[in-house]
Amino acid sequence: MKLKSSNLNHLAIIMDGNGRWAKKRFLPRVAGHKQGMDNVKTITKAANRLGIKVLTLYAFSTENWGRPTEEVGYLMKLPALFFDKFMPELMAENVRINVMGFLDELPKSTYDVVMKAVEQTKNNTGLVLNFALNYGSRRELTQAMAEIGQQIQNDQLKPEEVTEDVIESHLLTSQFEDPDLLIRTSGEQRLSNFLLWQSAYTEFAFTDKSWPDFSPEDLTEIIDDFSKRHRRFGKL
Ligand SMILES: CCc1cc(N2CCCCCC2)n2ncc(-c3ccc(F)cc3)c2n1
């Protein structure tokens, strides 16, 4: 089923609840991350077939480095595991991979794998699967302000020329429209330093389902509800 209306171009998801999914099954946390990784492929295919243009997934935040070393080490291997397992299917689905974040801080092996996938899929014209990897919105905004300040100091820009468009051009999402809908799984109802500027007019949907249990049917149900909402963008 394609989307009835094309007012859902960019969907963002905070994929929460993987550890809890594992704990409920007396499995190690990493089993939840592995199941969550498999579900990324499933939901990506569903979103692509629904006609969604960009799917942004919060895979690793700048705050996640504080997790146990062993868990971070496992998480950093997931991109390689994901592409080893799913690249043929992603190519068949015509999915283009994009990665946004402070990538220079990633382990070289992780960095190389994601950049190879970006290169390998760059000519695909279907859904853009945009992984937020070592991403943090406050750090993104801080970096943008510092760059703009530097331009002003270098006489490349006047303060009165600093517009919303100028700020957006310095964000990691500059190539994308703002998300129309943001979904967070597993019951938490907060942004957790994700797309703070970009979600100014984004509709939010929260579900108690954990990410590994979140199904294409759950996605379709939320999209049906979204399509009934009247978005005002600040106007009446
Ligand atoms: C680096 C942290 C991480 C965690 C993670 N989890 C664990 C937590 C969230 C739920 C999903 C499974 N996934 N799942 C896919 C990727 C992935 C990232 C980039 C890429 F280019 C290809 C795949 C991923 N990356």
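## Charges and rings

Biologist: What is the relative accessible area of Glu 119?

Modeller: This is a predicted model, in which local features need pLDDT of at least 70 and side-chain atom pairs count only at pLDDT 80 or more, while totals for chains, interfaces and linings use all residues. Residues are numbered from 1 along each chain as its sequence is written, and side-chain values use heavy atoms, leaving out hydrogens and water. Buried means under 20% relative accessible area, exposed means over 50%, and partly exposed lies in between (1.4 Å probe, protein chains only). Glu 119 counts as partly exposed, because its relative accessible area is 46%.

Biologist: How far apart are the closest N and O atoms of Lys 122 and Glu 119?

Modeller: A salt bridge is a side-chain nitrogen of Lys or Arg within 4 Å of a carboxyl oxygen of Asp or Glu, and the structure holds 18 of them. Lys 122, which is partly exposed at 45%, forms one with Glu 119, and their closest N and O atoms are apart by 2.7 Å.

Biologist: Which residue forms a salt bridge with Lys 85, and is that partner buried or exposed?

Modeller: The closest N and O atoms of Lys 85 and Asp 38 are 3.0 Å apart. The pair links distant parts of the chain, 47 residues apart, with Lys 85 in helix α4 (residues 78-92) and Asp 38 in helix α2 (residues 29-49); helices (H or I, at least four residues) and strands (E, at least two) are DSSP runs, numbered from the N terminus. Lys 85 is partly exposed, with 42% relative accessible area.

Biologist: What is the angle between the planes of Tyr 58 and Phe 194?

Modeller: Rings of Phe, Tyr and Trp (its six-membered ring) pair if their centres lie within 6.5 Å, and planes under 30 degrees apart count as stacked, over 60 as edge-to-face and the rest as tilted. Nine aromatic pairs are found in the whole structure. Tyr 58 and Phe 194, both buried, form a stacked pair with centres 4.2 Å apart and an angle between the planes of 15°.

Biologist: Why is the pair of Phe 60 and Trp 65 called what it is?

Modeller: Phe 60 is buried at 2% relative accessibility, whereas Trp 65 is partly exposed at 32%. Their ring centres are 4.7 Å apart and their planes stand at 70°, so the pair is edge-to-face.
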